[in-house]
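I opened this notebook to record, step by step, what I looked up and what I found.

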Amino acid sequence: MNSVYNGTGFDFTNSIRNTFLQDRGLPLPKATSTGTTIVGCLFKDGIVLGADTRATEGPIVADKNCEKIHYISESIRCCGAGTAADTEFTTALIASNIEMHALSTGRKPRVVTAMTMLKQMLFRYQGQVGAALVLGGVDATGPQLFTIHPHGSTDKLPYVTMGSGSLAAMAVFESGWKPGMTREEALQLVTAAISAGIFNDLGSGSNVDACVITADHTEMLRNFVRPNERVQKERSYKFARGTTAWKKEDIRSLIVSEDVVTREGGEEMDTS
């Protein structure tokens with residue numbers, strides 16, 4: 001009888017190992033959700049990037065208005081989904097490297113250079129750095145748009161989505177994107193895509209951030225749309241004192257009382 005660890009074809013040894021560990025009571029790791037909706041699309045003059053502003057910590061909303069569109073260079077921006085610290089520091093590191101590259105070459109950095117730096121770094125860490133990125137910008141070759149997955153794989157497409165709300169956002173792009181769109185059309189489509197993620201994904205929420213990048217200008221639209229602002233409640237839910245009766249009352253004093261005894265005839269401190 002041949003061993004299950006030998007032979008050609010697919011190797012299922014990890015599956016056997018996982019079953020063994022599970023039988024011994026060791027819980028298997030669960031897949032984690034990135035909890036974000038980030039998108040990007042091309043239009044005739046450049047790129048429009050978009051992101052929601054909710055940061056989650058498990059089932060808790062940690063930040064209602066965080067910024068997920070990160071600076072790389074003057075005409076390159078990067079949207080981040082996944083572990084917030086990983087996206088923040090990864091994009092900050094690559095932004096520094098891109099600036100050094102621009103100074104050493106004396107040329108405006110290209111988007112593909114930033115993409116290569118990002119994918120090589122993420123591949124080096126084999127997915128341990130949880131950063132799912134949408135990279136967009138305009139350089140000498142025109143508008144460029146990429147997605148970079150946490151393990152280092154990349155895609156180059158005219159419209160992209162990432163994060164837990166990416167399916168809802170992609171449905172909007174698939175039905176509404178067309179080549180040669182104007183700035184206003186692209187901005188409206190990105191807003192609709194992010195809004196679809198906000199209202200259909202629990203990991204996404206709050207406001208819509210957008211960034212419009214053209215050959216000669218980059219415009220950051222912070223809180224471009226606020227679909228979840230609190231409004232005045234229709235009724236008042238304050239109740240008059242004494243509405244709810246109680247059967248007994250017990251008041252405890254939390255202040256510890258103590259008696260201070262002074263001794264007479266003690267030696268005085270020398271102050272001379």
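Entry one, a single residue. I looked up Phe-43 and found that it has 5% relative accessibility, so it counts as buried, since the cut-off for buried is under 20%. I noted that the model is a predicted one, and that Phe-43 belongs to strand 1, which covers residues 38-43. I then asked which residues Phe-43 is in contact with, once its neighbours within four places in sequence are left aside. I listed Val-48, Met-181, Thr-182, Arg-183, Ala-186, Val-212, Ile-213 and Thr-214. I also checked Tyr-159, which is 116 residues away from Phe-43 along the chain, and I found 9.6 Å between the C-alpha atoms of the two.

Entry two, a strand. I turned to strand 7, residues 131-139, and wrote down that nine of its nine residues are buried. I reminded myself that in a regular strand the side chains alternate between the two faces of the sheet. With this in mind I sorted the residues of strand 7 by side, and found Ala-131, Leu-133, Leu-135, Gly-137 and Asp-139 on one face, with Ala-132, Val-134, Gly-136 and Val-138 on the other, both faces being covered.

I asked in which sense strand 6 and strand 7 pair. Strand 6, residues 76-82, pairs with strand 7 in the antiparallel sense over seven bridges, and I saw Ile-76 standing opposite Gly-137. Strand 8, residues 142-148, also runs antiparallel to strand 7 and is joined to it by seven bridges, with Phe-146 opposite Leu-135.

I looked up the largest pocket and noted a volume of about 600 Å³. Its lining is made up of 24 residues, and those nearest its centre are Thr-34, Thr-56, Gly-82, Thr-83 and Ala-84. Strand 3 (55-57), strand 6 and helix 2 (84-105) each give two or more residues to this lining. By class, I recorded six nonpolar, 13 polar and five charged residues in the lining of the largest pocket.

I then went on to the second largest pocket, which holds about 250 Å³ of space. It is lined by 13 residues, with Arg-54, Lys-64, Ser-206, Asn-228 and Glu-229 closest to its centre.

Conventions:
Residues numbered from 1 in each chain as written. Predicted model: local features only at pLDDT ≥ 70, side-chain atom pairs only at ≥ 80, totals over all residues. Heavy atoms only, no water. Helix = DSSP H or I, 4+ residues; strand = E, 2+ residues; numbered from the N terminus. Buried < 20%, exposed > 50% of the residue type's maximum accessible area, 1.4 Å probe, protein only. Contact = heavy atoms within 4.5 Å. Pairing = 2+ DSSP bridges. 1 Å grid on protein atoms, 1.4 Å probe; cavity = no way out; pocket = protein on both sides within 12 Å on 5 of 7 lines; lining within 4 Å. Points joined across faces, edges and corners; volume = space filled by probe spheres on them. Nonpolar A, V, L, I, M, F, W, Y, C, P; charged D, E, K, R; others polar.
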